[in-house]
Amino acid sequence: MKAPYQHKWIDGSVMDMPVGKVVCVGRNYAEHARELGNEVPAEPVLFMKPASALCHLEAPLAIPRDRGAVHHEVEMVVLIGAPLCKASDDEAKAAIAAYGIGLDLTLRDVQDGLKEKGLPWEKAKAFDGSAPVSGLIDARGVSTRQNLDVMLDVNGEMRQYGHTGQMLFPVFQLVAEISRHFTLMPGDLVFTGTPKGVGPLQVGDRLAIRLGNFLVTRTEVV
Ligand code: ZN
């Protein structure tokens, strides 16, 4: 067993915050929904990852090698700082403590098999290490959060690019909507969906991941 994950600030210091669940949204960018042959949804497609899925993006990324393709999905991540239940958009906004960037790693072949059979996605989405997250930035320092670049380079080539203004469900509305289904607690994270360009990772890939013009993280797949 490796040391348990703790939330960190961008400077590497450990946050005084518990670690909880991760709530993810699928198909929050229209072009990404289309690239996987899915319909653009009328309400957010939600799923969860347990705390055991979390790891630090900066550390080398260890990916499963025996379960088919492991896809990258680069996503803006928000850290919840106060309890939220059936919240308004304004309450959701006030409860966001920090922003970061992460990868919603997905066993795509496994997911395709599960989807085909109408089964839940957890084996494809919630495995150990499936939620690498960057150091986080205090929400008070992020002013243009409705329109931030979300970008992933692999080996110096841009693979995924979008901006948060393209989200079908913008971040405050999304967090509020999630809180209608699941109470969010301090320390929970929300993965806000991936723009188009998802694809497989290979061992040795070098990744550069950017949010807006203030957060860049680099890592390598091992
Ligand atoms: Zn995703």
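In what order do the four strands of the open sheet with antiparallel pairing stand? The order is β11-β10-β14-β15. Strands here are DSSP runs of E of at least two residues, helices are runs of H or I of at least four, and both are numbered from the N terminus. Two strands pair if DSSP finds at least two bridges between them.

This is a predicted model, in which local features need pLDDT of at least 70, side-chain atom pairs count only at pLDDT 80 or more, and totals for chains, interfaces and linings use all residues. Residues are numbered from 1 along each chain as its sequence is written, and side-chain values use heavy atoms, with hydrogens and water left out.

In the four-stranded sheet, β11 (157–163) and β15 (215–220) stand at the edges. Each has a single partner strand, so one side of each has no neighbour in the sheet. Neighbouring strands are turned by 10° against each other on average, direction ignored. Axes for this angle are lines fitted to C-alpha atoms, for helices over the stretch in contact; angles run from 0 to 180 degrees between N-to-C directions.

An open sheet of three strands has the order β7-β4-β13, again with antiparallel pairing. Its edge strands are β7 and β13 (199–200), and each pairs on one side only.

| Strand pair | Bridges | Opposite residues |
|---|---|---|
| β10 and β11 | six | Val150 and Gly162 |
| β5 and β12 (189–191) | three | Val78 and Val190 |
| β4 and β13 | two | His71 and Pro200 |

## Strand β5 and the cores

β5 is mostly covered: seven of its seven residues are buried. Buried means under 20% relative accessible area, exposed over 50%, and partly exposed in between (1.4 Å probe, protein chains only). Val74, Met76, Val78 and Ile80 point one way from the strand. Glu75, Val77 and Leu79 point the other way. In a regular strand the side chains alternate between the two faces of the sheet.

The largest nonpolar core has 47 residues. Such a core is a set of buried Ala, Val, Leu, Ile, Met, Phe, Trp, Tyr and Cys residues joined through side-chain atoms within 4.5 Å. Met76, Val78, Tyr99, Val175 and Leu207 touch the most other members. Elements that give two or more residues to this core include β1 (22–26), β5 (74–80), β6 (96–103) and α5 (171–181). The largest share, six residues, comes from α5. Another core, of 17 residues, lies apart from it, with Met15, Ala53, Val77 and Leu79 among them.

Val23 lies in strand β1. Val23 is buried, with a relative accessible area of 0%. Its contacts (heavy atoms within 4.5 Å), not counting residues up to four places away in sequence, are Phe47, Met48, Ile178, Phe182, Leu184, Leu189, Val190 and Phe191. Val23 and Pro50 are 27 residues apart in sequence and 8.8 Å apart in space, C-alpha to C-alpha.

## The zinc site

Which residues coordinate the zinc ion? Glu73 (OE), Glu75 (OE) and Asp104 (OD) do, at 2.0 to 2.1 Å. Donors are N, O and S atoms within 2.8 Å of the metal (3.2 Å for Na, K and Ca); water is not among the atoms, so sites may look incomplete. Along the chain the donors follow the spacing E-x1-E-x28-D. Both Glu73 and Glu75 are buried.

Asp104 is also one of the contacts of Ser130. Ser130 is found in the loop between α4 and β8 (131–133). Ser130 is buried, with a relative accessible area of 0%. Leaving aside neighbours within four places in sequence, Ser130 also touches Lys49, Ala53, Leu103, Leu105 and Lys125.

## Helix α3

Helix α3 spans residues 108–117, and its buried residues are Arg108, Gln111 and Leu114. Seen down the axis, they fall within an arc of 120°, so they line one face of the helix. The arc is that of the directions from the helix axis to the C-beta atoms. An α-helix has 3.6 residues a turn, so residues three or four places apart point the same way.

These buried residues pack against β4 (70–72), β7 (106–107) and α4 (122–125). The face turned away from the buried side carries the exposed residues Glu116 and Lys117. Gly118 follows α3, and its phi is positive, near 70°.
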